[in-house]
Amino acid sequence: MSVTISAATEQDAEQIFRLQYLCFQTEAALYGNYRIDPLVQTLDSVREEVTRDCVFVARLGEEVVGSVRGSVSEDGAAGIGKLCVHPRLQGHGIGARLLRAAESALADQHGATRFRLHTGHRSEGNLRLYRKVGYETVGTSQGADGVPMIVLEKPAGTYAATA
């Protein structure tokens, strides 16, 4: 059975919520902070994002095994976030495929001119993936949870070369 990428539906919200909670445990442990946003987000908030934002899921049969979200701001920058892949399936290109799907939709359907994402400064695996698919560090910030973040960007139009 192969993994497929598709737009999320409202029916996917609960699986996304559970997957996010599972996947971000390692990030929380890396920073010793279990109050990071993906772990304290409510199911209702995930439901709102699925209906409002550009959300994609990776499916293995009926199971949601990955997800990513994005939205475009007034300045044309698409913020991409909460990329996660089930731990048993990491390292097989699913994260890059999810990123490519989100980038494509955000540029083609929502007019994004560039993509921006944030990741924790100790998240070497995340940084490796983002750099591999063309993101470059443009700055730093601090998350609301106190975790130091690295801000990465790439221009729209380079999404076709990812993964």
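How many of the 8 residues of strand S7 (residues 148-155) are buried?

1. This is a predicted model, in which local features need pLDDT of at least 70 and side-chain atom pairs count only at pLDDT 80 or more, while totals for chains, interfaces and linings use all residues. Residues are numbered from 1 along each chain as its sequence is written, and side-chain values use heavy atoms, with hydrogens and water left out.

2. Strand S7 is mostly covered, with 6 of its 8 residues buried, where buried means under 20% relative accessible area with a 1.4 Å probe and protein chains only. Strands here are DSSP runs of E of at least two residues, and helices are runs of H or I of at least four, numbered from the N terminus.

3. S7 pairs in the antiparallel sense with strand S5 (residues 114-120) over 7 bridges, and also with strand S6 (residues 136-142) over 6 bridges; pairing requires that DSSP finds at least two bridges between two strands. Arginine 114 has proline 155 in S7 as its bridge partner, and threonine 137 stands opposite leucine 152. The hairpin formed by S6 and S7 has 5 residues between the strands, and glycine 146 in the turn has a positive phi of about 90°.

4. Aspartate 12, in the loop between strand S1 (3-7) and helix H1 (13-23), is buried, with a relative accessible area of 4%. Its side chain is joined to that of arginine 59 by a polar contact of 2.7 Å (a pair of N or O atoms within 3.5 Å; within protein, one must be able to donate a hydrogen and the other to accept it, and residues adjacent in sequence count only if both atoms are side-chain atoms).

Note on methods: Buried means under 20% relative accessible area, exposed over 50%, partly exposed in between (1.4 Å probe, protein chains only).
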